[in-house]
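I opened this structure to look up its charged side chains and its surface patches. My entries follow.

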Amino acid sequence: MNFLGAVGGDGGDDENDKEKEEEAERERQEAIREAEERRKEKHRKMEEEREKMRQEIRDKYNIKKKEEIVEQAPQEEPNPLMRKKKTPEELAAEAEQEDLDDFTKLKNSIETQVNEIKTQIEGKCSLQ
């Protein structure tokens, strides 16, 4: 049994341990981030080299590069798993908007048909 804490002994170890753990976690996260940046830079350089080789081949055989329109996201979050999750209200609003489009088209189509039938009936019937 450990009686030191009960007698008022060395009770400051918990704070020191906690601070050390937090510092270790910060260092670990920083190392992960740096490794990810190095990996991305490596892949960027490799892609540049590949594109350079592709361009040389295009030039050699007089091939025109296909123009692809690529819209860049404003700034992609570092980890897609950590992105902001949509609230149920946002999800419901999106679903309602999608339904509204189809529903509105159907509703307008039905209203048009009803008005045409109404006009036909009114032409055949006369109220006295």
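**Salt bridges along a helix**

I began with arginine 44, which is partly exposed at a relative accessible area of 39%. Partly exposed lies between buried (under 20% relative accessible area) and exposed (over 50%), with a 1.4 Å probe and protein chains only. Glutamate 48 is also partly exposed, at 47%. These two residues, arginine 44 and glutamate 48, sit 4 residues apart in helix H2, so about one helical turn separates them.

What does arginine 44 form with glutamate 48? The pair forms a salt bridge, and the closest N and O atoms are 2.2 Å apart. A salt bridge here means a side-chain nitrogen of Lys or Arg within 4 Å of a carboxyl oxygen of Asp or Glu. Side chains of opposite charge can pair when their charged atoms come close.

**The model itself**

I noted that this is a predicted model, where local features need pLDDT of at least 70 and side-chain atom pairs count only at pLDDT 80 or more, while totals for chains, interfaces and linings use all residues. Residues are numbered from 1 along each chain as its sequence is written, and side-chain values use heavy atoms, leaving out hydrogens and water. The mean pLDDT (the predictor's confidence in each residue, from 0 to 100) is 80 for the protein chain, and 75% of its residues reach 70 or more. Helices are DSSP runs (H or I, at least four residues), numbered from the N terminus.

**More pairs**

I searched the whole structure and found 13 salt bridges. One joins glutamate 37 and arginine 33, at 2.3 Å from N to O. Glutamate 37 is partly exposed at 45%, and arginine 33 is partly exposed at 40%. Another joins arginine 26 and glutamate 23, with closest N and O atoms 2.8 Å apart. Both lie in helix H2, 3 residues apart, about one turn.

**Patches**

I looked up the patches last. They use residues with over 30% relative accessible area and no salt bridge, joining like charges within 9 Å and nonpolar side chains within 5 Å. A negative patch includes Asp13, Asp14 and Glu21. Is glutamate 21 buried or exposed? Glutamate 21 is exposed, at 57%. Ile57, Tyr61 and Ile63 form a nonpolar patch of about 320 Å² accessible area together. Isoleucine 57, in helix H2, is partly exposed at 47%.

Notes: Areas by Shrake-Rupley, 256 points an atom, 1.4 Å probe, with all protein chains shown as cover. Lys, Arg positive; Asp, Glu negative; His and termini not counted. Charge placed at Lys NZ, Arg CZ, Asp CG, Glu CD.
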